[in-house]
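Dear colleague,

Please find the structure below, followed by a short account of what was found in it.

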Amino acid sequence: MEMKISSISFLFFLFFFHLSSFVNSQSDSCSTSNLNLKGLSFETTNLHCFPVWDSQDYILRYSQTGSDVWNFILSAPNTNSYIAMGFSTNGRMVGSSAIVGWIPTDGNGVVKQYYLGAQNPNQVVADQGNLNLVNNSAMIILQSSRLYLAFQLNTNQPETRLIYSVGPQNLLPSTNFRLTQHRDQVSTNLNYQSGQSKSQRPYTRLRRTHGILNMIGWGILLMIGTMVARYLRHMDPLWFYLHACIQVVAFILGVSGVIAGLVLEDLLSAQVDRHKTIGILVLILGCLQVMAFLARPNKESKVRKYWNWYHYTVGRLLIVLAIANVFYGIKVGKEKKGWNAGYGVTLALLVLTAIGLEVRMWMRK
């Protein structure tokens, strides 16, 4: 019996030992007192260390040597992809310069400087940029299942707005060093004295203004205006004026949201073609509804029946596309789950209200 217990204990010991080794091989920590990397051209002692991108487990170490030499080591999990660190004057990717590294199948690490001329991969140019690298200082090392991208810059003060990105898993740059579009990226602001790194998103206020205007205009008020027209017909002519006023306000807010989105796209050089296409289609349908309202025939007209069919069909299509694009826009904008939850709850309340009013209307009939 004692031998069995000892055997079980020994097996548990081996299990937790290997589990601990696996976890340690997958992670890095600033509590590590000595970073032992072979082949570096600079010392790794007295480095400031801070987590800079929690979701991707990015850790940055840096120090200043003399008055114009800065040492950097970026640590990240190895997902068989490239890792990158960019220096920006305004927090945006376009116009910045980045150090990108990866390890091909032959094991010989590749580190390149890139100039990020645009979000299009064709304009992300290798061996160009504004960073003054110390000769033979850039390298990438694979150790304990993590990548360590190390380099030195000749500068009095590096840019404080830093951009980090990670490439697609299991997809390395091709032989001509062309980068595929990153899987994820984040923009941060680093205080080199205190070491505080704060994630930031450029034009956050404009992003949210664009989203709120479209959400309220196209995604909520249009639906309320439609419900007024359907369920308050017995309050004639009040229903008509309420319906017209609500839809006009919705149209104005929606158009303002579309304009904000186009401005945001230009500022960020964003590639949101699908979201933009649906948004423009919603705008066109909204304009058609306005023109239909202005050309509305009299009730006695023979074409009034066809006008009604057109008005109802276009209106319902407009609402469906608007709702879908609001949810898609939240996803594209990488907003927190609260945005989805808040809009989803509002939408659910409107749908439940419409169902209740529909049942009441049929009971009256």
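The crossing of helix 5 and helix 6 is left-handed (the near helix is turned anticlockwise from the far one by less than a right angle; clockwise would be right-handed). This is a predicted model, in which local features need pLDDT of at least 70 and side-chain atom pairs pLDDT 80 or more, while totals for chains, interfaces and linings use all residues. Residues are numbered from 1 along each chain as its sequence is written, and side-chain values use heavy atoms, without hydrogens and water.

Helices are DSSP runs (H or I, at least four residues), numbered from the N terminus. The axes of helix 5 and helix 6 (residues 337-364) lie 10 Å apart at an angle of about 165°; axes are lines fitted to C-alpha atoms over the stretch in contact, and angles run from 0 to 180 degrees between N-to-C directions. Helix 5 is therefore roughly antiparallel to helix 6 (an angle over 145 degrees). On the helix 5 side, Ile323, Val326, Phe327 and Ile330 make the contact, and on the helix 6 side Trp339, Asn340, Tyr343, Gly344 and Leu347, where contact means heavy atoms within 4.5 Å.

Helix 5 (residues 304-332) also packs with helix 4 (residues 273-294): their axes come within 9 Å and cross at roughly 155°. That makes helix 4 roughly antiparallel to helix 5, and this crossing is left-handed. Residues of helix 4 in the contact include Leu281 and Leu285, and those of helix 5 include Val314 and Leu318.

Finally, helix 2 has a kink of about 35° centred on Leu221 (the angle between axes fitted to the seven residues ending there and the seven starting there).

Yours sincerely

Methods
Helices (H or I, at least four residues) and strands (E, at least two) are DSSP runs, numbered from the N terminus. Angles under 35 degrees count as roughly parallel, over 145 as roughly antiparallel, 65 to 115 as roughly perpendicular and the rest as oblique.
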